[in-house]
Amino acid sequence: MSNNNKTDPIVQKNRELTAILEVSRVLTTSFALEKNLLLVMSTLGSLLEMQRGCVFLHDPLSGEMRIVAAHGLAKHNIEKGKYRIGEGIVGRVLEKKKPMVIPNIGEEPLFLNKTGSRPAKDGISFLCVPIMLKNEGLGVLSVDRIYSEEQGNVEDDLRVLTIVASLIAQFIKLWESYEKIEKEKESLKRELKGKYSIENIIGLSDRMQEVFESIHRVAPSKATVLLRGESGTGKELVAKAVHYMSPRSKGPFIKFNCASIPEGLLESELFGHEKGAFTGAIAARKGKFELADKGTIFLDEIGDLPLTLQPKILRVLQEREFERIGSEKTMKVDVRIIAATSRNLETLVSQGKFREDLYFRLNVIPLFLPPLSEREEDIPVLIDFFLVKFNEENNRSVCLDKGALQVFLNYNWPGNVRELENTIERLVIMSGSERVKASELPVNLSIRRAKVSMKSESLTANVEDIEKENIIGALEKTGWIQAKAARLLGITPRQIGYKIKKYGIEEKVL
Ligand SMILES: Nc1ncnc2c1ncn2[C@@H]1O[C@H](COP(=O)(O)OP(=O)(O)O)[C@@H](O)[C@H]1O
Ligand SMILES: [Mg+2]
């Protein structure tokens, strides 16, 4: 295009429309602020023949205007381009909220040329429009173009720039709310970090948080997991969580309780059998390991696995292979093994009831589920969880008053979460009132507590009985000579004298 010829107005209009369209397209592609504004400026540069362009945004905190995007400006110039409101033309435009045009910056004293990008000031016109939304000035859009009397019309340029500025304003507002939401999401995520949660498993205590963290860590792998913990602490629940959070979640989850089946049937249950393998094997049958192919097998109560079967389980753990009973054919399975036990496996190993090699194979990743008594802070949350569940199921709205809650907190829950869950279920179904008081709680909650203390009392009573019997026995053997009896018992004469008095032992005169 020649500078001497006035551009055809229709061509000019077309170009403007294209530029505006392109700007709005750029601004709606993403929420990348600087990148988008930069694209806007280069679009204006190429489509409207503007030499330089800047988007200044006002930072309400510092009160400064900062160049967020520039076209045709070197980086060091961009960094210099900070203006206060009212300072220079850019500042003034924001302050007055009105566009300004300087047809020839060489003749304008207000032009500070802070960026130092225009060594030869003459022959350049400077257009500056505020970026406004409603009545708020967000920043300024400025553009330089070669000054020529023939070229374009300042009014047209201003109109285009005002439209672009309003597109930018809307984009900035959207971007701000997007950023705010992103920041909130981030901070929520940060809050949740360290606060692991797993669906259906309640646990705010540090002990359970550690368990959750481990679950998150082990789930993606294929590693064998050994779940330890008293009955009712949630071992099965955790086994399922590990499976459903693992890449094999679409595969089967097969549960097998090693303690629930007579020893004679275990092998066939686990590994399957061929037709006629034994009396009663009228058809071939798949075992649990085969059924668990591509999934997870949960071997509950692994400590109860009879010694005879332990080598076969060891082989599956090591080679993932086995044979059905009555078959020579070796089966291969792709299965993850999760085992659980409430028994002390180490003791079983030392007693020779559990193979050491199997123990080590299983114990790759042990996960300990703490008893409820070691995570009291989980009790109220669990109560709430089960109240909601059973109230919903039974169409009731039962809750506990403070006193009742205290009873729950004091009780030592030998059956752990399972017992707590059952207690709440019974309460929701049976309770006459909606707000349960301590006095309305099932007697066993307090009786059992009493029993626990009675148990220890009777234990000491027992010890004393035994001691008394021993002393009488020794006295009788030694003809009631205290010193001799003491020696026999391995205590001092002083001690035996004290105990004789304590138990009120008297020589029986026949
Ligand atoms: N942390 C927990 N949050 C919610 N429910 C739990 C939790 N732990 C256990 N339960 C519930 O208690 C009962 C017993 O859990 P389970 O996994 O069978 O224990 P375990 O296998 O250790 O005996 C189940 O109904 C289970 O859903
Ligand atoms: Mg169980």
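Predicted model: local features only at pLDDT ≥ 70, side-chain atom pairs only at ≥ 80, totals over all residues.

Mentor: Residues are numbered from 1 along each chain as its sequence is written, while chains are lettered from A and ligands numbered from 1 in the order in which they are written.

Trainee: Where does M50 lie, and which residues is M50 in contact with?
Mentor: M50 lies in the loop between α2 and β1; helices (H or I, at least four residues) and strands (E, at least two) are DSSP runs, numbered from the N terminus. Leaving aside neighbours within four places in sequence, M50 is in contact with L44, G45, V143, D144 and R145. Contact here is C-beta atoms, placed from the backbone, within 7 Å.

Trainee: What makes a set of residues a nonpolar core?
Mentor: They must be buried Ala, Val, Leu, Ile, Met, Phe, Trp, Tyr and Cys residues joined through C-beta atoms within 7 Å. The largest one has 42 residues, and V40, V55, V140, L141, V164 and I168 touch the most other members. Among the elements giving two or more residues are α1 (9-27), β6 (136-146) and α5 (154-192), and α5 gives the most, with eight. Apart from this core lies another, of 37 residues, V238 and F354 among them.

Trainee: How do you know which residues surround ligand 1?
Mentor: A residue is near a molecule if its C-beta atom, placed from the backbone, lies within 6 Å of it. For ligand 1 there are 14, and the closest are I202, G234, K235, E236 and V417. α7 (235-244) and α15 (416-430) each give two or more residues to the shell.

Trainee: What types of residue make up the shell around ligand 1?
Mentor: Four are nonpolar, six polar and four charged. Ala, Val, Leu, Ile, Met, Phe, Trp, Tyr, Cys and Pro count as nonpolar, Asp, Glu, Lys and Arg as charged, and the others, Gly among them, as polar.

Technical notes: Buried ≥ 20, exposed ≤ 12 C-beta atoms within 10 Å, placed from the backbone. Contact = placed C-beta atoms within 7 Å.
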